Amino acid sequence: MSIKKIVAASLIGTTIEWYDFFLYGSAAALVFNKLFFPEADPLTGTLLAFLTYAVGFIARPLGGLIFGHFGDRLGRKTLLVISLLMMGIATFLIGLLPTHASIGAAAPLLLTALRLVQGFALGGEWGGAVLIVSEHGDAGRRGFWASWPQAGAPGGNLLATGVLALLAAFQSDEAFLAWGWRVPFLLSGVLVLVGLWIRLSISESPVFQQAPPLEDKTPLAAVLKHHRRDVLIAIGARMAENISFYLITVFVITYGTTVVKLDKPTILSAVLIASAIHFITIPMWGALSDRVGRRPIYLTGAAGIGVWIFAFFPLINTGGFVLITLAVTVGLLFHGMMYGPQAAFFSELFGTRMRYTGVSIGAQLSAIVAGALAPIIAVALLQRFGTWVPIAVYLAVAALLTLVAVYAARETQGSDLAEGKKVKA
């Protein structure tokens, strides 16, 4: 089967799944605090909304473990179809939820339950999507091809933010709060049908089909026996990448609207433009990693974001649209230098019959510490100190951790996924 068709199927599926996941984050910053936690003050309401947002990350390692186990046993394709269905149904149901005004405390409880399903599905999605591309492609261009599913993250964010920005621009705040926010969630049902049709048409990974059976009892046992160091490297490598992304694309909406007093269309439009550039440049970083190696690109991105964050907030504070867009765009370019090579880099760390489990555990465990807590910690720091400086220091420390982890890793560029050895790129 054509690698381009495999890439297209993975990209469309991951875009839809990330659309569903990021839509929740954007809605948490804009409306969930008012509709599901109306009795709290604005920042506390936002903090409570982000706590339900974090629940999705808590479920991700469990999803990664279960999907990884069966993905390493049964194959990548079937599990990718299941994850897409679970995510789409949960997101569609969020669009139908009654609010606190209708059913009281049951509303945030139902919201939290559906967020758990979202997180569980996404925890299984990422590993399968990047592996089915990595294991179809050739070693010499794996960084480029495997980076396309990664582009599904900004693609989904672009789609989610774009729909919300469009609604916010053409609706009054009252109409948006009353019913407009539901439209993007209900739209997910249509998108999932398209994604399923495409995913059902692709073939299973040839590397997986040709791999000998696993000698260990379970893929998890094999990972813990043979790849403990690689799991720790993956967790450390994701710290700056995960935290920076959610600060730049999710927390910035809260910061911009509550601290800088920007209107929603301004901050959403800035994120929209930056996400479009991010989407285009991620495969470029992946391709560059095929030429110079995974580690140099990743290290540059981690160092860059650790420095740029100290310019990011002052640029947001200006309130000028051009400077705000510049702040978000440059931040996401540094993020892309980590995120672009990441799929190939992590795939090349693990053996075939434990690869789905290995990449999922490494990626999703870090999501709890990094992605889940990033908006919560940022809001809490803002409440406590009233300034952006501690938030910038927080990301700079995460960047240092990532630099140490990636520096300690072996260079994986050119690895043969079937044989576990280096080949000519």
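A crossing of two helices is called right-handed if the near helix is turned clockwise from the far one by less than a right angle, and left-handed if anticlockwise. Keep that in mind as we walk through this predicted model, in which local features need pLDDT of at least 70, side-chain atom pairs count only at pLDDT 80 or more, and totals for chains, interfaces and linings use all residues. Residues are numbered from 1 along each chain as its sequence is written, and side-chain values use heavy atoms, with hydrogens and water left out.

The axes of α5 and helix α16 (residues 352-385) come within 9 Å and cross at roughly 125°. Axes are lines fitted to C-alpha atoms over the stretch in contact, and angles run from 0 to 180 degrees between N-to-C directions. The pair is therefore oblique, a word for whatever is left once angles under 35 degrees (roughly parallel), over 145 (roughly antiparallel) and 65 to 115 (roughly perpendicular) are taken out. The crossing of α5 and α16 is right-handed. Contact means heavy atoms within 4.5 Å, and on the α5 side the residues include Gly-123, Gly-124, Trp-126 and Gly-127, while α16 brings Tyr-356 and Val-359, among others. By class, this contact holds 6 nonpolar, 6 polar and 1 charged residues; Ala, Val, Leu, Ile, Met, Phe, Trp, Tyr, Cys and Pro count as nonpolar, Asp, Glu, Lys and Arg as charged, and the others, Gly among them, as polar.

Helix α5 has another partner, α3 (residues 76-94), packed at about 150° with the axes 8 Å apart. That angle is why α3 counts as roughly antiparallel to α5. The contact of α3 with α5 divides into 15 nonpolar, 4 polar and 3 charged residues. Here α3 passes α5 in a left-handed crossing.

Now for the interior. A nonpolar core is a set of buried Ala, Val, Leu, Ile, Met, Phe, Trp, Tyr and Cys residues joined through side-chain atoms within 4.5 Å; buried means under 20% relative accessible area, exposed over 50%, partly exposed in between (1.4 Å probe, protein chains only). The largest core has 123 residues, and Phe-32 and Phe-312 touch the most other members. Its largest share, 16 residues, comes from α12. A second, separate core of 12 residues includes Leu-80 and Ile-132.

Finally, look at Lys-261, in the loop between α12 (228-258) and α13 (264-292). Lys-261 has a positive phi of about 65° although it is not a glycine, and it is exposed, with a relative accessible area of 64%.

Terms used
Helix = DSSP H or I, 4+ residues; strand = E, 2+ residues; numbered from the N terminus.
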